[in-house]
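Please consult the sequence and the model shown below while reading.

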Amino acid sequence: MKRIIAILLAFLLTSGVLSGCSRTAPNEKKSVICTIFPLYDWVRQILGDKADGFDLTLLLDNRIDLHNYQPSVNDIAKISSCHLFVYVGGESDGWVEDALKNAANKDMTIINLMATLGNNAKIEEMAEGMQRDHDDDDDDDDDRDDDDDEHEYDEHVWLSLKNAQIFCTAITDALSKLDEKNADAYRGNLTGYVNGLSELDAKYRAAVDAATFRTLLFADRFPFRYTVDDYGIDYYAAFSGCSAETEASFTTIVFLAQKMDELQLPCVIVTESADQTIARTVIQNTQTKNYEIRVLDAIQSVSSSDVQKGATYLSIMESNLETLKEALN
């Protein structure tokens, strides 16, 4: 992938696509590019009624998943000349380093969410019963011990309302430097938005404190590590959040089915992108075979058409709260 990015950059540089882009004309809009929807929506909320003064782009549009995205030539060209680039910074963003290496705009501000989170970023864990990727099957215990310093970090940092407050503050600082005359407006918008995040965070806490159960079972990948850790919720899942697996083994299916019977949980959970095949198979292997399936949205594939219909980060997290209540009671 890095070789492909390098070739694309070489082409763009030699063809002149990236030349002369580092300066901004007096009336030119400042360009802001965000890889996924939560980042894009945070920028929108902080800009507020000043958004018309910016060219804001959602890079992973048309329901492209973060884990499957590959930048096009046009994507790289646009990133290279933008004024503010906001991205997650996890394993799925491995292409970014090469894309930024020869950026035309040397004054570009870059926000890496994982770097912003620092030591609070979590290593992706293999919970009990969780299926390992096939690539790991041939690794022996000694190999895994030697790789302790190379663990993959869980990149789904946006699924914590507490993290969102940290990220929005970083975004506000960057926008205020790009457009100093409107800095007070951005900081005012930040205050209002953080209040909304805090209020929703409190609702999550109250819902979990009042819940009958404190465990979730995902017959799917598990991108909600940051969410459950925020509120002390236990979980079981078929795969880790960034797993490349799409089919669960018989052992995994049986484990999850037995957990459903043991804990008598209200429902099996999947993410918005799942075809629910694994969930149905888990349910068919339980004793009662009558559990329902509920969907928690990992906010990884929201499109511009969803934005036009009114989708926001807060609205999706509010919807997730209602699903969480059903799953814990």
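## Basis of the model

The model is predicted; local features require pLDDT of at least 70, side-chain atom pairs count only at pLDDT 80 or more, and totals for chains, interfaces and linings use all residues. Residues are numbered from 1 along each chain as its sequence is written, and side-chain values use heavy atoms, with hydrogens and water left out.

## Overall make-up

The protein has 13 helices and 8 strands; these are DSSP runs numbered from the N terminus, with helices being H or I of at least four residues and strands being E of at least two. Of its 329 residues, 50% are buried. Here buried means under 20% relative accessible area, exposed means over 50%, and partly exposed lies in between, with a 1.4 Å probe and protein chains only.

The protein exposes about 15,700 Å², of which carbon and sulfur atoms supply 44%. Accessible areas come from the Shrake-Rupley method with a 1.4 Å probe, and for residues only the protein chains shown count as cover. Among contacts between residues at least 6 apart in sequence, 76% join residues at least 24 apart; a contact means heavy atoms within 4.5 Å.

## Nonpolar cores

In soluble globular proteins, nonpolar side chains tend to be buried together. A nonpolar core is defined as a set of buried Ala, Val, Leu, Ile, Met, Phe, Trp, Tyr and Cys residues joined through side-chain atoms within 4.5 Å. The largest nonpolar core has 84 residues, and Trp42, Phe85 and Leu175 have the most contacts inside it. Helix H8 gives the largest share of this core, 9 residues. Apart from it lies another core of 18 residues, among them Met260, Val268, Ile283 and Tyr291.

Not counting residues up to four places away in sequence, Trp42 touches Leu113, Trp158, Ala164, Phe167, Cys168, Ile171, Tyr193 and Tyr313. Trp42 is one of the buried residues of H2, including also Phe37, Leu39 and Tyr40. Helix H2 (residues 37-47) is largely enclosed by the rest of the structure, because 9 of its 11 residues are buried. Just after H2, Gly48 takes a positive phi of about 55°.

Leu197 lies in helix H8 (residues 183-209) and counts as buried because its relative accessibility is 0%. Leu197 and Ala164 are 33 residues apart in sequence, with a C-alpha to C-alpha distance of 7.6 Å.

Arg205 also lies in helix H8, but its relative accessibility of 31% makes it partly exposed. With residues up to four places away in sequence set aside, Arg205 touches Arg214, Asp230 and Tyr231. Arg205 and Tyr231 are 26 residues apart along the chain, and their C-alpha atoms are separated by 6.2 Å.

## Positive phi in loops

Most residues other than glycine have a negative phi. Gln276, although not a glycine, has a positive phi of about 70°; Gln276 is found in the loop between strand E7 (267-271) and helix H11 (277-284). Gln276 is partly exposed, with a relative accessible area of 25%.

Ile299, a residue other than glycine, has a positive phi near 55° and lies in the loop between strand E8 (292-296) and helix H12 (304-308). Ile299 is buried, with a relative accessible area of 0%.

## Cavities and a pocket

On a 1 Å grid over the protein atoms alone, a cavity is a set of points where a 1.4 Å probe fits but cannot get out, a pocket is an open set with protein on both sides within 12 Å along at least five of seven lines, and lining residues have an atom within 4 Å of a point. Grid points are joined across faces, edges and corners, and a volume is the space filled by probe spheres set on the points. A search of the whole structure finds 2 cavities of 30 Å³ or more.

The largest cavity has a volume of about 70 Å³, and its lining divides into 7 nonpolar, 2 polar and no charged residues. For these classes, Ala, Val, Leu, Ile, Met, Phe, Trp, Tyr, Cys and Pro count as nonpolar, Asp, Glu, Lys and Arg as charged, and the others, Gly among them, as polar. Helix H13 (313-327) and helix H9 (225-231) each supply at least two lining residues of the largest cavity. The second largest cavity has a volume of about 30 Å³, and its lining has 3 nonpolar, 2 polar and 4 charged residues. The second largest pocket holds about 260 Å³ of space; of its 15 lining residues, Asp220, Thr246, Ala274, Asp275 and Ile278 are the closest to its centre.
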